[in-house]
Amino acid sequence: MKNKALITLLLCLSVVLTASAQIRIDFSQDSPIRKLQIAEMAITNLYVDSVDEKKLVEDAIRGMLEKLDPHSSYANAEEVKAMNEPLQGNFDGIGVQFNIVDDTLLVIQPVSKGPSEKVGIMAGDRIVSVNDTAIAGVKMSKEEIMRRLRGPRGTKVNLGIVRRGVGEVLKFTVKRDKIPVKSVDAVYMIRPQLGYIRIGNFGATTHDEFKQGMEQLKREGMKDLILDLQDNGGGYLQAAVEVANEFLPKNDLIVYTEGRCVRRIDYKAQGDGGFRSGRVFVLVNEFTASAAEIVTGAIQDQDRGVVIGRRTFGKGLVQRPIDLPDGSMIRLTIAHYYTPAGRCIQKPYTKGDIEDYAMDFDNRLKHGELTNRDSIHFADSLKCYTLRKHRPVYGGGGIMPDVFVPLDTLQYTKFHRQLVLKGIVINSDLKYIDAHRDSLKSLYPTFEAFRKGFEVPDQLVGNIIKEAEKQKIKPKDDDELNKTLPYLKTQLKALVARDLFDMNEYFQIINETSDIVKKGIETASGEK
């Protein structure tokens, strides 16, 4: 019976793979897949102890993929759902931004016009129960809390709310709805006539969000644009192509893909972009990857703008999703990305050596690449030329910026890193906001008033230092403490702005401390 079920499963798998990836599986007696089939059946039917057949197959798939490149992967059904949500542009839920403070869910902000705001849930509320099950004070994981709050659109969930100044637990019934997930983090005029847009990832709604941001900035007098792709890990290829299209004339090549079994596919500009004449300055760092590198490479190779920062991550492998019958998925690398000048974006790797690949940042830091441009050397065989000005650019992994900005290793002291890693900074900020939200909103009804008038209180900084001492974290001397305080205060002011307003306001404050952002502004000013 088990053998029959296995054969049926394999036949179903063959259909799924054929439909999605257009390949066929050879089940003949001497094929390698036959050996795998026999091994699985033998273990399931004859092994001395009971086995989890599903996990056995999953481990076999993971084992095969681990011997390939670093980006071919397997995800079970739950992992697939979690992975796709940030890119799909929405999910079903109650619509709150929250964090966990003292083992309790604290609402940072209800989503504007979302289901929670509609029933009266407010910033600062604590959700203590979901459908009469306590979620506060029971050490429940953040993932489990999210699972209980989310659910299909149209379903209802009963919440118990503790609100400051109210003696009883308030009861709310929230009807779940589609909750938008934004991929554009910030849109504002960073200097007169100079706009700024930061894209966090490339998802289903990125292009629409980006166009809306562009139109807003044009109305505010934008002539030139800083496009911030720092820490952008990528996303959908099509979203990257659509954003790059906004800057390029008709038929300009944006990117092409090609693999052993996959023919070359060119992606070209349509000529209908909304920002084809103003100057563009692209900000990148060592965590800018994949789709973000496609946009960066297209702008650089077509001599459309200036790239500023540090060499990007170097993720230039194209994965095709292969859906499996139980909702799980294989993401199999089938091709490489190439910039318009013919550069392969992917950095070198050794098949099966994921650990060394993951240590790339540490290796770059050790070799001096992040702090000294002269430490980076490219072979002549990797040299290419931009398509209009014929400037030399190099392949071999990632996009090297036109203007290099070294990593300031002194900006973050060891003491500050420990404060952040232990969650002391974020938790102290949340407690401060919770206690002073009403008075802060009264004092600073607008962000402009907040930016000009708010100063981080000494008491908040003192509380952070006291909490650090409780956790046996101390600066080594007064000099380290004094070096820590300026950036810590800026970070705290940005976090308070985020909690009172939104991420857009957070970046308006924190960007003034970023060397890469400041270099972008300086370059834009100097090129006029």
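I note that the model is predicted.

Next I asked which residues of helix 13 are buried. I found I424, V425, S428, D429, L430, Y432, I433, D434, R437 and L440. What do these buried residues pack against? I listed three strands, namely strand 3 (96-101), strand 4 (104-110) and strand 5 (126-130). I also listed helix 12 (414-421), helix 15 (458-470) and helix 16 (478-500).

I then turned to helix 13 and helix 16. Their axes come within 10 Å and cross at roughly 55°. I logged the crossing as right-handed. On the helix 13 side, the contact is made by V425, I426, D429, L430, Y432, I433, R437, L440 and K441. On the helix 16 side, I wrote down L488, Q491, L492, L495, V496, R498, D499 and L500. By class, I have 11 nonpolar, 1 polar and 5 charged residues in this contact.

Last, I checked phi values. Most residues other than glycine have a negative phi. I found that Q193 has a positive phi, near 70°. Q193 sits in the loop between strand 10 (184-191) and strand 11 (194-199). D303 also has a positive phi, near 50°. I placed D303 in the loop between helix 9 (291-301) and strand 16 (306-309).

Is each one buried or exposed? Q193 has a relative accessible area of 41%, so I marked it partly exposed. D303 has 14%, so I marked D303 buried.

Key:
Residues are numbered from 1 along each chain as its sequence is written. This is a predicted model: local features need pLDDT of at least 70, side-chain atom pairs count only at pLDDT 80 or more; totals for chains, interfaces and linings use all residues. Side-chain values use heavy atoms; hydrogens and water are left out. Buried means under 20% relative accessible area, exposed over 50%, partly exposed in between (1.4 Å probe, protein chains only). Helices (H or I, at least four residues) and strands (E, at least two) are DSSP runs, numbered from the N terminus. Contact means heavy atoms within 4.5 Å. Axes are lines fitted to C-alpha atoms, for helices over the stretch in contact, and angles run from 0 to 180 degrees between N-to-C directions. A crossing is left-handed if the near helix is turned anticlockwise from the far one by less than a right angle, and right-handed if clockwise. Ala, Val, Leu, Ile, Met, Phe, Trp, Tyr, Cys and Pro count as nonpolar, Asp, Glu, Lys and Arg as charged, and the others, Gly among them, as polar.
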